[in-house]
Amino acid sequence: MAYITLTLPFNASGEGARKLITTARLFKLVALKVFDKFLSDGKPPLSQFSMYKRYRKIGYEILPNRRYVDGAIDLVYSVIESINELNRLYEELRLDERIRMEEVEFSDWMMFQCEGESGKMNVNIKILEDLSFRVLTFDYEGNKSYIIVRPTISKRYEQILRNLWFYMQPYYARIVLKRFGNRKGVLFTHGEVQVSVDNDFYLEVMKKFEKPKGNNVAGVDVNLDRINLAIVKDGELKDYKTFKRLRQEVCLSIELNQ
């Protein structure tokens, strides 16, 4: 399933900033702890669900919220899958380079994320009627509290968010803290609320015309295993093509050029 991510910048200060920063630090501790435990186990998980079953208890000891713990596990799982995919690609291209899990280092990011339950709105990072967000936060003792984040919303995204709230659509959301510091003795942070919505839902809401207005326009979607091409002329879809097995073609191209 394809998703579109809306990026909504915000500023927070004082107690609200402190709670966001603390929650982001706890979330990162969960991700680091899960990854370390994965390395010590020496057994790759069979699926993302098996990661949940194996490592939720570890996450609870740091951040007592299942949705945030699952969000941290999602992050670790995506890192593992990305490394495995890169190594498979190196092998198919007959390159000697390999990435060892033990050598992976997490960058200095500050964020936390979670998914909405099936058929329900995201309750940890919840959009409200006025298009602000009620964000669940935790302190180092495990006590929870809520703060209100009011991001800057472009007119382009306003209708999407209103539909998410009105129809109680599930969505994946994350709080990403870009900067933080101290201004005249007051803690502050600048960050983004990132909301990922289903691509079909996004297109349905954002549709302004019955037919595209482009003329002789080609759209290209590039993936590791395929390239999708669509051609529009005079407002009509004229042709589309999917080029599959991209990795094998790249390998063949390298062999022919040698």
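User: Which residues have the most contacts inside the largest nonpolar core?

Analyst: First, the ground rules. This is a predicted model, where local features need pLDDT of at least 70, side-chain atom pairs count only at pLDDT 80 or more, and totals for chains, interfaces and linings use all residues. Residues are numbered from 1 along each chain as its sequence is written, and side-chain values use heavy atoms, with hydrogens and water left out.

Now the general idea. In soluble globular proteins, nonpolar side chains tend to be buried together. A nonpolar core is a set of buried Ala, Val, Leu, Ile, Met, Phe, Trp, Tyr and Cys residues joined through side-chain atoms within 4.5 Å. Buried means under 20% relative accessible area, exposed over 50%, partly exposed in between (1.4 Å probe, protein chains only). Here the largest core has 61 residues, and Leu20, Phe133 and Val135 have the most contacts inside it. Helix α1 gives the most to this core, with 11 residues.

User: What does valine 135 touch?

Analyst: Contact means heavy atoms within 4.5 Å. Leaving out residues up to four places away in sequence, valine 135 touches Leu20, Tyr68, Phe112, Asn124, Ile125, Ser145, Tyr146, Ile147, Val149 and Ile175.

User: How many residues does helix α1 have, and what span is expected?

Analyst: Helices (H or I, at least four residues) and strands (E, at least two) are DSSP runs, numbered from the N terminus. The expected span is 1.5 Å times one less than the number of residues. Helix α1 (residues 14–41) has 28 residues and reaches 41 Å between its first and last C-alpha, close to the expected 40 Å. Just after α1, glycine 42 takes a positive phi of about 75 degrees.

User: Where does α2 bend?

Analyst: A bend is the angle between axes fitted to the seven residues ending at a residue and the seven starting there. α2 bends by about 45 degrees at arginine 54. Its buried residues include Met51, Tyr52 and Ile58. The buried residues of α2 pack against α1 and α3 (66–92).

User: In what order do the four strands of the open sheet stand?

Analyst: Strands of a sheet pair through backbone hydrogen bonds, either parallel or antiparallel. Two strands pair if DSSP finds at least two bridges between them. Here the order is β1-β7-β6-β2, with antiparallel pairing. β1 (3–13) and β2 (111–115) stand at the edges with a single partner strand each, so one side of each lacks a neighbour in the sheet.

User: How many bridges join β6 to β7?

Analyst: 11 bridges join β6 (residues 172–183) to β7 (residues 186–198). Isoleucine 175 stands opposite valine 193 in β7.
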